[in-house]
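Here's a walk through one model, with an eye on its charged side chains, its ligand site and a couple of its helices. Have the sequence and the 3D view open as you read.

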Amino acid sequence: MKFYAFWRSIASFRVRTALALKGITPDEIVDIDLLQGKQREDSFRAVNPQMLIPAVIEQSGGPVLFQSMAIMEYLEETHPQPPLLPRDPLGRARVRGLCQIAVSDAHPMSVPRVRNYLTNDLKLSQDQMLTWVRHWQAEALRALETHFTRDEETGKYCHGDVVTLADVCLAGQVVGSGFFQTDMKPYPTVQRIYDACMQIDAFARSHPLKQPGAPEKVSH
Ligand SMILES: N[C@@H](CCC(=O)N[C@@H](CS)C(=O)NCC(=O)O)C(=O)O
């Protein structure tokens, strides 16, 4: 398995964690340095026309898997143990919904191509751009916190006492928010679940700042 990733990438963090939870070790990790714009080079564009990581090639000559949720659902189907989705359809829908709050709604607001467009094309100042990012992070965190305090399915983790894909996505949300110095005090349940996840080795060793080449901390 070839895994295209980068330490700073939250979407790569999601897939790295899912792989670790499933006990899968990629044969090769291809570093695509987002800070140097390597995702836009022809060699990577040939792998993923969207010029985004993560991407996975499971077998040499095989198709490229793209989009972190699709990759994680593929892993769930091909490596069912341990399950990262509940058995019941309602539970699966809730877990997938929690995932999408982070993956579909908040994360895209903070990725390099969007931040660059805001500052380079729309001429927003660095402060205005950061206000934008933090606004959308807070929206997602508020919605997640409300779900966790309101929904009886919430347990030690996002959905009961067993780790699911929702926890994988929540961890990415919290780490990504941290990169933009988001105040986590209004979201104590999100923080509690994140802390519980980080007690698990697969999460802890997948953390962006634990990857080769990562700095000790990120600040904007
Ligand atoms: N929805 C995609 C998001 C992928 C994505 O935006 N990846 C970021 C890194 S976390 C990226 O490659 N950004 C490059 C850019 O914005 O130019 C997924 O979940 O895989």
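A salt bridge here is a side-chain nitrogen of Lys or Arg within 4 Å of a carboxyl oxygen of Asp or Glu. Keep in mind that this is a predicted model, where local features need pLDDT of at least 70 and side-chain atom pairs count only at pLDDT 80 or more, while totals for chains, interfaces and linings use all residues. Residues are numbered from 1 along each chain as its sequence is written, and side-chain values use heavy atoms, with hydrogens and water left out.

**Salt bridges**

The structure has nine salt bridges. One of them pairs glutamate 76 with lysine 22, with the closest N and O atoms 2.6 Å apart. Glutamate 76 sits in helix α3 (residues 68-78) and lysine 22 in helix α1 (residues 10-22), so this pair ties together parts that are 54 residues apart in sequence. Helices are DSSP runs (H or I, at least four residues), as are strands (E, at least two), numbered from the N terminus.

To talk about exposure, we need cut-offs: buried is under 20% relative accessible area, exposed is over 50%, and partly exposed is in between (1.4 Å probe, protein chains only).

| Residue | Relative accessible area | Class |
|---|---|---|
| Glutamate 76 | 10% | buried |
| Lysine 22 | 9% | buried |
| Glutamate 139 | 35% | partly exposed |
| Arginine 142 | 43% | partly exposed |
| Arginine 150 | 59% | exposed |
| Aspartate 151 | 12% | buried |

Glutamate 139 and arginine 142 form a salt bridge too, with their closest N and O atoms 3.0 Å apart. Both belong to helix α6, three residues apart, which is about one turn of the helix. As background, an α-helix has 3.6 residues a turn, so residues three or four places apart point the same way.

Arginine 150 and aspartate 151 meet through their side chains in another salt bridge, at 2.9 Å from N to O. Shared partners then join Arg94, Arg150, Asp151 and Glu153 into one salt-bridge network.

Leaving out residues up to four places away in sequence, glutamate 145 touches Pro186, Tyr187, Pro188, Thr189 and Val190, where a contact means heavy atoms within 4.5 Å.

**Helix α5**

Helix α5 covers residues 112-121, and its buried residues are Arg115, Leu118 and Thr119. Looking down the α5 axis, they fall within an arc of 85°, so they line one face of the helix; the arc is taken from the directions from the helix axis to the C-beta atoms. These buried residues pack against α6 (126-150). Just after α5, lysine 123 has a positive phi of about 60°.

**The ligand site**

There are 17 residues around the ligand, and Gln39, Ile53, Gln67, Ser68 and Arg113 come nearest; being around it takes a heavy atom within 4 Å. A polar side-chain atom of serine 68 lies 2.6 Å from a ligand oxygen. The backbone takes part as well: a polar backbone atom of isoleucine 53 is 2.7 Å from a ligand nitrogen, and one of arginine 113 is 2.8 Å from a ligand oxygen.

Key:
A polar contact is a pair of N or O atoms within 3.5 Å; within protein, one must be able to donate a hydrogen and the other to accept it, and residues adjacent in sequence count only if both atoms are side-chain atoms.
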